[in-house]
Amino acid sequence: CAPGSPPARRALQRLFDAGQFRLHDAVARVLGHSERTVAVVLDDLHWADRASVELVLGVARSSAGALIVATMRDEGLSEALVQCLAELTRERLMHRFELARLSEDESAQLIEHVVGASIPESLAAAIYAHAHGNAFFTEELARGAHGYAGGAVRIPEQLQPLSSTHY
């Protein structure tokens, strides 16, 4: 059959599906062979591709005895992830815990805890304006706030490529 023809595409899809099944099965077996419950932690699941989301769904449905802990944002979820979450919820394989962003007061308290001292209100406001209540970014900006003199908050080099839309 000609490359790109419907029969060729179906054959390739069957090969892909068989390989994906073998991968899911292998991961479930590895997790299931442990004498203790295995915790799998997945951070930023909202960025996962379709194959990774399907792997999570497959492992969750298996009897592998793994505890899957995943973090993700509520906005910008892929269709595959939304469908996966709906299926896991319907099958009662998932418990969801939503964490709210920090308020301005909570952000200021976290900044003071990180720097170990009282901070100017202007510093708390400047960090909050950049971090939007995201605890991770609040901590990172607080660590970079030494030498703050009422001007701009220094954004650590590793965070500079990220815009406020990322957090």
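Where is the place of leucine 123? Leucine 123 sits in helix H5; helices here are DSSP runs of H or I with at least four residues, strands are runs of E with at least two, and both are numbered from the N terminus.

Before going further, the provenance. This is a predicted model, in which local features need pLDDT of at least 70 and side-chain atom pairs count only at pLDDT 80 or more, while totals for chains, interfaces and linings use all residues. Residues are numbered from 1 along each chain as its sequence is written, and side-chain values use heavy atoms, with hydrogens and water left out.

The overall layout next. The protein chain has six helices and two strands, in the order α-β-α-β-α-α-α-α from the N terminus. Of its 167 residues, 27% count as buried; buried means under 20% relative accessible area, exposed means over 50%, and partly exposed is in between, with a 1.4 Å probe and protein chains only. Among contacts in the protein chain with a separation of 6 or more, 65% are between residues 24 or more positions apart, a contact being heavy atoms within 4.5 Å.

Back to leucine 123. Leucine 123 counts as buried because its relative accessibility is 4%.

On H6, the buried residues are Phe137, Thr138, Glu140, Leu141 and Ala142, and they pack against H4 and H5. Asparagine 134 caps the N-terminal end of H6, with a side-chain oxygen 3.0 Å from the backbone nitrogen of phenylalanine 136.

Most residues other than glycine have a negative phi. Histidine 132 counts as partly exposed, because its relative accessibility is 33%. Aspartate 44, in the loop between S1 and H2, also has a positive phi, near 60°.

Histidine 46 lies in the loop between strand S1 (38-42) and helix H2 (50-61). Is histidine 46 buried or exposed? Histidine 46 is buried, because its relative accessible area is 8%. Its side chain makes a polar contact of 3.0 Å with that of arginine 73; a polar contact is a pair of N or O atoms within 3.5 Å, where within protein one must be able to donate a hydrogen and the other to accept it, and residues adjacent in sequence count only if both atoms are side-chain atoms. Leaving aside residues up to four places away in sequence, histidine 46 touches Thr71, Met72, Arg73, Leu77 and Leu81.
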